[in-house]
Every structure is written in structure tokens, then in C-alpha cells.
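Subject: Structure handover

Hello,

Here is the structure I promised to pass on. Please open it alongside this note.

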Amino acid sequence: MSIRELHTKAVIKNEPGIISKKGGGFHMPASFAEKHLFYVVWGDEYVCSENYFVEREYLDSLGLYQIVSGDMRVQYRNRAFTARSGDVIFLDLRYPHYYKAEKQMQIRQYLIGGNVSQAYYDMLYDLHGCHYPDKGKTSVLFSLLQNELCESVPDDHKISALLHQILSVLVIQERPALSPAIKEAQEYIGSHFQEPIQVEAIAESVALSRYHFSRTFKKETGFTPHEYLQDVRLRYSKQLLTETELPVEEVAYRCGFSSATHFIRVFKKRTMITPAAFRKYFDPIGFR
């Protein structure tokens, strides 16, 4: 008997393409978990033949998948891609979706929910899409999640903690190293933020045009040069407000703001409170 014939014959009845299951299945989270935690309503680990596929128009859930071995072809939201060993996929299954094993495949898959799960999915999709290649760091977490679901009484808090860790790994993308010019620009800002410097002066310090410098700085750091300069000034202002009794006007001057009015306006916009209220909030004796 050939390998292909073996896979065709060794599937579970009524579920074409599934050779074996690990033994998870449906889980009923407690009411506290439904309201406040991440949770799994169904999950399992499959070994599948190339006959395995899923095609749905709609399912009211989020789907989280890890490819343990093999390849899976996915069509989702006008995209088609192949997920390979070590990859993670995160789908909102309310959109039409199709996925199929391209050869023998081992996959862990979970239908998840929770109070902030949809917001987490939306943020992740906006940041990175639905396909996360080479996320081997999640393998141990998925394994622990599967093992917990195989317990006679799975622990909702362990499940939530593991899901949160997995999603956190997906959020945190390793940034490439900053270019020498951008590193130098950050050092320049750190040394001159107390002065009334402009973006043009920062760009000139690293021998770049303002346009090219601003575009490169934003691409590499995620902030515009002005936003980064403002953050440096605000961090220092918070230090002065909590560690000294300097008047707000003096704090504004020492942090490079053009006036106390400008400082107060920027500070309130970014922190939702005034510098004076911030100082009182962190007073070790409390509000006086």
C-alpha cells in the first residue's frame, strides 16, 4: 500500500483528511472567563493528509492556528498564501475562509474568544495581517495550551494566560537595527533637546535632507522626528516635576519648550492632565 493510499484509508470517519487527533475538543469556559479573560471554545491538534480542507462562508469566532509540520494553503480576505512549519495564522472567521493541506500536515487550531479578543485581532491585522511566518517561539506555548485542553477540567486562567502570551508574541515584531544616521540623530536629540532645535537642524547634523531624514526616521523608529523630540522633552519634564520643586515655567524652559503655555498644552494633550496635576498625583504625601 502506498503512502497516499494509507493516508486516504486512515482518516477518521465523517472527517475526510484527518488521520489522528490529540484529544482536545470543545471547552465550556466559566462565566468569569467569558466576561474577563481570553478563552477557547474548541481546540485540537490534528495530523492530516493532503485530502484535508475547510471551506466556510461564516463562523462567529476567531481562529488561531499553528503549523507544526507540513504546508497549508490559505485563502482569506482577497489574499492567498502558503503557511509552513512554525507559522502562525490568526483569522476572523466571520469572513469567508478556505484552507487546505498541501501534503501531510500537523496543525494545532483553536476557536477563541474573550472580552478584548476582537480588539486584539483587529490591532494585529492592521499591524501585521493574518499570517505570521516563522513564529517558532510560540511552539511551546501552543503545546502547553493543547495539553491544558486535554485535561479533564481545563483551567480557564491558564488558558487565558497562554493565549495572551501567544498574541503578545505576534504583536511584538523584531525591529531591524537602526541605521547609523538615525542612531546619530537620536543621540543628537538626546544632547540638544533642551535647546530650541528644529527638525532641519537634526537632519543637517546627520547630513540628510529634511524630507529624506523625516521619512527614514519615521520608517525606522515609528515616530516622526518631532514626535520623538517631544517625547524626550516630556519624559524629562516628568522627572523634573516629580523630583524637584521647580516652577512649571522653569520646567518648560529646561525641557526646551518655547513657553510655559506651549508646554502645558502639549503635556495635557499627551497625558490628559496638566503638569501641576501630574506633580500632585505623584506627591508622596498625596494631594495637599
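Below is what I found, starting with the ground rules.

This is a predicted model, in which local features need pLDDT of at least 70, side-chain atom pairs count only at pLDDT 80 or more, and totals for chains, interfaces and linings use all residues. Residues are numbered from 1 along each chain as its sequence is written, and side-chain values use heavy atoms, with hydrogens and water left out.

**The sheet**

Start with an open sheet of four strands. Its order is β4-β9-β6-β7, and the pairing is antiparallel. Strands here are DSSP runs of E with at least two residues, helices are runs of H or I with at least four, and both are numbered from the N terminus. Two strands pair if DSSP finds at least two bridges between them.

β4 (53–56) and β7 are the edge strands; each has a single partner, so one side of each has no neighbour in the sheet. On average, neighbouring strands of this sheet are turned by 10° against each other, direction ignored. For that angle, axes are lines fitted to C-alpha atoms (for helices, over the stretch in contact), and angles run from 0 to 180 degrees between N-to-C directions.

Now the pairs, one at a time. β4 and β9 are antiparallel, with four bridges. There, Arg56 has His97 of β9 as its bridge partner. Strand β9 covers residues 97–101 and is joined to β6 by five bridges, again antiparallel. Met72 stands opposite Ala101 in β9, and Arg73 stands opposite Lys100. β6 also pairs with β7 (residues 79–83), in the antiparallel sense and over five bridges. Val74 has Phe81 of β7 as its bridge partner. The hairpin of β6 and β7 has two residues between the strands, and Arg77 takes a positive phi near 50° in this hairpin.

How much of β9 is buried? Four of its five residues are, so β9 is largely enclosed by the rest of the structure. Buried means under 20% relative accessible area, exposed means over 50%, and partly exposed lies in between (1.4 Å probe, protein chains only).

β6 (residues 72–76) has two faces. Met72, Val74 and Tyr76 make up the covered one, and Arg73 and Gln75 the uncovered one. In a regular strand the side chains alternate between the two faces of the sheet.

**The core**

The largest nonpolar core has 44 residues, and Tyr52, Ile89, Phe90 and Leu145 touch the most other members. Helix α5 (residues 156–171) gives the largest share of this core, six residues. Such a core is a set of buried Ala, Val, Leu, Ile, Met, Phe, Trp, Tyr and Cys residues joined through side-chain atoms within 4.5 Å.

Contact means heavy atoms within 4.5 Å.

The 16 residues of α5 should span 22 Å at 1.5 Å a residue, and the end C-alpha atoms are 22 Å apart, which agrees. The expected span is 1.5 Å times one less than the number of residues. Buried residues of α5 are Asp156, Ile159, Ser160, Leu162, Leu163, Ile166, Leu167 and Leu170. They fall within an arc of 165° seen down the axis, so they line one face of the helix. The arc is that of the directions from the helix axis to the C-beta atoms.

In α3, the buried residues are Ser117, Tyr120, Tyr121 and Leu124. Their arc is within 100° down the axis of α3, so they too line one face of the helix. Just after α3, Gly129 takes a positive phi of about 85°.

Tyr121 lies in α3 (residues 117–128). Tyr121 is buried, with a relative accessible area of 2%. Beyond four places in sequence, Tyr121 is in contact with Leu62, Tyr76, Arg77, Phe90, Leu91 and Asp92.

Gln66 lies in strand β5 (residues 62–69). Gln66 also counts as buried, at 2% relative accessibility. Leaving aside neighbours within four places, its contacts include Asp87, Val88, Gln106 and Phe142.

Best wishes
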